[in-house]
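Please open the structure in your viewer and keep the selection tool at hand.

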Amino acid sequence: MNTWAQALRVYGNPRLLAILAMGFASGLPLALTGATLQVWLAEAHVSLVDIGLFALVGIAYSVKFVWSPLIDRMPLPWLTARLGQRRSWSIAIQLALACAIAALGASDPVSDVWRTAALAALVAFLSASQDIVIDAYRIELLDADEQGAGAAATQWGYRFGVIASGAGAMALAELFGWPRAYLVMASL
């Protein structure tokens, strides 16, 4: 019979800590294209109609099943041979996502709301793609008896990421402005 201590011991596994970090990276972009972005747009006096249209950015998360087979099967030149399918996609998406988040933060929603919207859509697409890779990698990385703990670690990390990109980004924006707040989030 398993005790609570035995059940919790799995969370000390370094692979679970890596899964926790990947969950954080997965949750981070969500608020940056959702609630945090809406606060920024409202502060910039973007019209409520335009702000409402930004809700469409989140569709990428609902339709990621469309391109997940491509990510699952298509190798990346040079990287896949050296790092494997999951790691190569993870690195490529992480770099693109960091650049897209930084570009979103550097955009000016007042003078070019469409550019800001396009960048938010790109961040959401890359974030949804990252979710695909993280889920697949977690399943491959962990043993069958660790899958439940892995799912929990992913969710905990995800929640921490959402908090960081929500309350954390807003606090940073208050102190340093939106572009710098998004730049810090891109670095995370």
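**A patch on the surface**

Select Val-49, Leu-53, Leu-56, Ile-59, Val-63, Phe-65, Val-66 and Trp-114: in this predicted model, these residues make a nonpolar surface patch of about 860 Å². Now pick out Val-66, one of the residues of the patch. Val-66 is placed in the loop between helix H5 (59–62) and helix H6 (68–73). Its relative accessibility is 55%, and the cut-off for exposed is over 50%, so Val-66 counts as exposed.

Next, select Ala-55, which is found in the loop between helix H4 (48–53) and H5. With a relative accessibility of 51%, Ala-55 also counts as exposed. From C-alpha to C-alpha, Ala-55 and Ala-92 are 26 Å apart in space, and 37 residues separate them in sequence.

**Along helix H8**

Select residues 85–106, which form helix H8.

Which residues of H8 are buried? They are Gln-85, Arg-86, Ser-88, Trp-89, Ile-93, Leu-97, Ala-100, Ile-101, Leu-104 and Gly-105. To see what covers them, display the elements around H8: the cover includes H2, H3, H6, helix H7 (79–83), helix H9 (113–141) and H11.

Move to Gly-27 in helix H2 (residues 14–32). Gly-27 has a relative accessibility of 0% and therefore counts as buried. Setting aside neighbours within four places in sequence, the contacts of Gly-27 are Tyr-158, Gly-161, Val-162 and Ser-165. Select Ser-127 as well: Gly-27 and Ser-127 are 8.4 Å apart in space, C-alpha to C-alpha, although 100 residues apart in sequence.

Thr-36 is the next selection, and it lies in helix H3. At 0% relative accessibility, Thr-36 counts as buried. Neighbours within four places in sequence aside, Thr-36 is in contact with Ala-31, Ser-165, Gly-166, Ala-169, Met-170, Trp-178 and Tyr-182.

**Aromatic rings**

A pair of aromatic rings is described by the distance of the centres and the angle of the planes. The structure holds five aromatic pairs. For one of them, select Trp-40 and Tyr-182: the ring centres are 5.2 Å apart and the planes stand at 45 degrees, so the pair is tilted. Trp-40 belongs to helix H3 (residues 35–43) and Tyr-182 to helix H11 (residues 178–187), so the pair ties together parts that are 142 residues apart in sequence. Both Trp-40 and Tyr-182 are buried.

Where do Trp-156 and Phe-160 lie? They are four residues apart in helix H10 (residues 147–176), and are thus separated by about one helical turn. Trp-156 counts as exposed at 55% relative accessibility, while Phe-160 is partly exposed, with a relative accessible area of 42%.

**Salt bridges**

Side chains of opposite charge can pair when their charged atoms come close. How many salt bridges does a search of the whole structure find? It finds six.

Select Asp-143 and Arg-15, whose side chains meet in a salt bridge of 3.8 Å, N to O. Asp-143 lies in the loop between H9 and H10 and Arg-15 in helix H2, so this pair ties together parts that are 128 residues apart in sequence. At 42% relative accessibility Asp-143 counts as partly exposed, and so does Arg-15 at 27%.

Glu-146 is buried, with a relative accessible area of 7%.

For the last pair, select Asp-135 and Arg-138, which form a salt bridge with the closest N and O atoms 3.2 Å apart. Both lie in helix H9, three residues apart, about one turn of the helix. Asp-135 counts as partly exposed at 31% relative accessibility, whereas Arg-138 counts as buried at 12%. Finally, select Arg-15, Asp-143 and Glu-146 together: salt bridges that share partners join these residues into one network.

Key:
Residues are numbered from 1 along each chain as its sequence is written. This is a predicted model: local features need pLDDT of at least 70, side-chain atom pairs count only at pLDDT 80 or more; totals for chains, interfaces and linings use all residues. Side-chain values use heavy atoms; hydrogens and water are left out. Rings of Phe, Tyr and Trp (its six-membered ring) pair if their centres lie within 6.5 Å; planes under 30 degrees apart count as stacked, over 60 as edge-to-face and the rest as tilted. Helices (H or I, at least four residues) and strands (E, at least two) are DSSP runs, numbered from the N terminus. Buried means under 20% relative accessible area, exposed over 50%, partly exposed in between (1.4 Å probe, protein chains only). Contact means heavy atoms within 4.5 Å. Patches are made of residues with over 30% relative accessible area and no salt bridge: like charges are joined within 9 Å, nonpolar side chains (Val, Leu, Ile, Met, Phe, Trp, Tyr) within 5 Å. Accessible areas come from the Shrake-Rupley method with a 1.4 Å probe; for residues, only the protein chains shown count as cover. A salt bridge is a side-chain nitrogen of Lys or Arg within 4 Å of a carboxyl oxygen of Asp or Glu. The expected span of a helix is 1.5 Å times one less than its number of residues.
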